[in-house]
Structure formats: structure tokens, C-alpha cells
Amino acid sequence: MEATDKKLLKVLRGETVTPPPIWLMRQAGRYLPEYKETRAHAGGFLDLCYRQDLAEEVTLQPIRRFGFDAAILFADILLLPQALGQKLWFETGEGPRLEPVTDTNTLKGADEVHEVLNPIYETVKRLSGSLPSETTLIGFAGAPWTVATYMIAGRGTPDQKPAHDLLASNPAAFHRIIDRIVEGTVEYLSKQIVAGAEVVKLFDSWAGSLKGADFDKVCIEPNQRIVEALRSRHPDTPIIGFPRGAGDRSVDFAKATGINCIAIDQSMNAEWARDNLQSICAVQGNLDPTLMVGTGDALEKHVEKLINTLGDGPYIFNLGHGITPDADPNNVSKLIELVRK
Ligand code: 1CP
């Protein structure tokens, strides 16, 4: 299939596609037995990310099983801090740990990230050869604020307090960290695009904890700078933004950044998104991930409502956040059937 005919790319150009294309955040993951098997074989989570053959395999698993319209590169937003020289490891059953930073003096320059990230570009290259011709390949990175919250706290935090504290106590140092992430992310995504990523997505998972002027300066501006730099190098590559929890500030986010599509989380009202966002850019989302757990009886009603609300404009079907490890793969098959019906 010609790239221009791929459903996801059509939507990202502003077309309405019926039925809408579908993929799921975290579609490669622990709810799939084949993922758990490959993960066990890899050893650690980071080994899985850096082993090109295994990262390719887990990216392809949900495509083989379900036939999603897009595949998302298997990697993690915390590989960039690692490439910038920060120590990163995963505690079993607990999640990521980093040696916290409070400034950029211990970090490498943005042009030095490729040494660590080269295997990721190799995985992208392999995937662009092995994916079915109708499947779109999505590359990604974390947005600067979200990445900074992990770099500064050294772990995931419910309220991102350490990062907020540094922003308040030493804004100059805080912004040096943000600037380094912006520059590194441009390098990282640019190489993913050269290697074959057809779309890139910026995950700002903790955007919701930034209020007022902080939202403008720390969420919108850094995302906007990345979009601008990528556009000047790769004008044809569409970009999806995901300011999770941003609520009505999503309008300012979409307008200022100039992204092609905004991903919305499950707390957002779909009618509101249709009326306020879909005239600015395409919309992706926002089925509640908890509907994928259990019997799946409520799926039909919710899918119908979302498609009736957002399906008359540029729309990509997805969840409002990642699918969880306790989700039932049978519900994913059912979901795809309902969306494509
Ligand atoms: O043991 C395992 O298998 C680890 C679970 C896991 C997985 C499957 C982690 C650790 N990362 C990933 C892959 C991943 N992470 C992808 C791959 C592609 C896909 O979607 O299928 C992507 C896009 C991410 C992005 C990511 N990592 C985000 C942004 C999206 C989101 O979920 O909000 C964040 C915040 C992370 C950090 C991270 N990595 C892993 C975990 C458990 C976390 C969250 C930690 C925390 O906040 O406590």
C-alpha cells in the first residue's frame, strides 16, 4: 500500500476515515502472554528495549494478534535521560529508578545521545521493513516536563513534587534541564524519522499537574519548540501530542504547538473535544482503559457513543491512557470488531 493511503496518515492529514483507524497505548505489554514470554527471555526491561530483534518482536505481537492500524515502537520515555548520561534501572515490580539530577552539569550534550540510542533507530529500521504495508509506524518520546519529573525525582511520583520544588527554588537550573531534554528529544525523534517512523508522538503524561503560567512555560513551550524544530527538518511527518490531564488548556496546547493530532485522556468529555478541539486538529482517544478489564459487557455502548460523537471528523480510536496488565486480550478483539463494524 502507498504510504499516502494508510488510514492513520489520512486522519493525520485532516481527513475523516470511516470506520476510524485504531491502535492502543501500551498495546505491546504485560496483558499479552507472548509479551511476557519474550520479556522473560530478554531478562531485564531495558535489555528488551535495546535488543533490536526482541524489541521488533514485541512491537509486532499486537499487530499479528489484532491487526491494529498502527504499531508503536517498543521503547520507553526514560531511555533519553539514560542517553544523556543519567543512571537508569528498573526495580522488579516497582518501576523505574534514576539517580536524581538538579542541574545539567552531570548530563551529556544533546548531540551525544545517539551512542546509546542507536539500537532504537535500528529497531525502527527493522520494523519499517517487517510491518504489514497498511500499518503505520509510530515513533515517540516523552515531552520535556514529564521526562524532567522522573529525572529530578529519580522515580515516578504521584504529584511530581520534586520537579515542582526545583522549578520554584531554582528556575534557572530547572529550565536548563528542560532545554537539554528539548534538544535531546529533537535529535532522538529526528533519527527515528530518518530510520522510518512515519508519525511521532510526544507523551506529556504529567501535564495535568502544571497550572496557569507554568502550563504555558513548562508544557506548551517545550512541546512547541520540539514541533517547530522537527517541522523544519521533516515537514511531512505528522506529530501527535498528549497533554494528559490538561483539560480545557488542551485548546491552547493544540493551537500553540501546531500538532496534527491531540490525544485526549478519559477524563475529557468527548462532545467537548469535538466542539473545541476537532476544528484545530485530529483527535485521538479516549475510551476508559478499565473497560478492557473484566467481561467487556459495557464496551459496545461506550464504543458506539465515542464513534457517534467524534467519528464525523478526523478521529483515531484509542484509549485515554495505556492498557493495563490485567486487561483481557479477548476484550481487545471485541473492541476492534465493534470499531470496524
Ligand atoms: O516490566 C515491564 O514490562 C515494564 C512495563 C513497561 C512497558 C511495557 C514500561 C516501564 N515501559 C513500557 C513500554 C512503553 N513505555 C511504551 C511502548 C510502546 C507501547 O505503548 O506499547 C511507551 C510508549 C511508554 C511510554 C512511557 N513510559 C510513559 C508515557 C506514557 C504513559 O503511560 O503515561 C511513561 C510515563 C513511562 C515511564 C514508565 N516506564 C515503565 C513504567 C512502569 C513507567 C511509569 C512509571 C511511573 O510513573 O511510576
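Q: In which strand is confidence lowest, and in which is it highest?
A: This is a predicted model. Within the protein chain, strand 2 (residues 88-91) has the lowest confidence, with a mean of 94, and strand 7 (residues 261-263) has the highest, at 99.

Q: And what is the mean pLDDT of the protein chain?
A: The mean is 97, and 100% of the residues reach 70 or more.

Q: Turning to the ligand, which residues come nearest?
A: There are 22 residues around the ligand, and Tyr 35, Arg 39, Tyr 150, Ser 205 and His 321 are the nearest of them.

Q: Which side chain has an N or O atom 2.7 Å from a nitrogen atom of the ligand?
A: That side chain belongs to Asp 76.

Q: What about backbone atoms and the oxygen atoms of the ligand?
A: A polar backbone atom of Arg 26 is 2.8 Å from a ligand oxygen. For Ala 28, a backbone N or O atom is 3.3 Å from an oxygen atom of the ligand.

Q: How much of the ligand's accessible area does the protein cover?
A: On its own the ligand has 880 Å² of accessible area, of which the protein covers 86%.

Q: Back to Arg 26: where is it found, and is it buried or exposed?
A: Arg 26 is in the loop between helix 1 and helix 2. Its relative accessible area is 55%, so it counts as exposed, the cut-off being over 50%.

Q: What is its phi?
A: Phi of Arg 26 is near 60°, which is positive although the residue is not a glycine. Most residues other than glycine have a negative phi.

Q: What does Gln 160 show in its phi, and where is it placed?
A: Gln 160, also not a glycine, has a positive phi of about 55°. Its place is in the loop between helix 7 (144-153) and helix 8 (161-169). With a relative accessibility of 2%, Gln 160 is buried.

Q: Staying with strand 8, is Gln 284 buried or exposed?
A: Gln 284, which lies in strand 8 (residues 282-287), has 0% relative accessibility and therefore counts as buried.

Q: Which residues does it touch?
A: Setting aside residues up to four places away in sequence, Gln 284 touches several residues, including Trp 23, Lys 201, Ile 240, Cys 261 and Asn 318.

Q: What follows helix 9?
A: Gly 196 comes next, with a positive phi near 135°.

Q: Finally, Leu 60: which helix holds it, and what does it contact?
A: Leu 60 is part of helix 4 (residues 52-66) and is buried, because its relative accessible area is 11%. Beyond its neighbours within four places in sequence, Leu 60 contacts Leu 127, Ser 130 and Leu 131.

Methods
Residues numbered from 1 in each chain as written. Predicted model: local features only at pLDDT ≥ 70, side-chain atom pairs only at ≥ 80, totals over all residues. Heavy atoms only, no water. Helix = DSSP H or I, 4+ residues; strand = E, 2+ residues; numbered from the N terminus. Buried < 20%, exposed > 50% of the residue type's maximum accessible area, 1.4 Å probe, protein only. Contact = heavy atoms within 4.5 Å. Near = heavy atom within 4 Å. Polar contact = N/O pair within 3.5 Å; in protein donor to acceptor, adjacent residues only side chain to side chain. Areas by Shrake-Rupley, 256 points an atom, 1.4 Å probe, with all protein chains shown as cover. pLDDT = per-residue confidence, 0-100.
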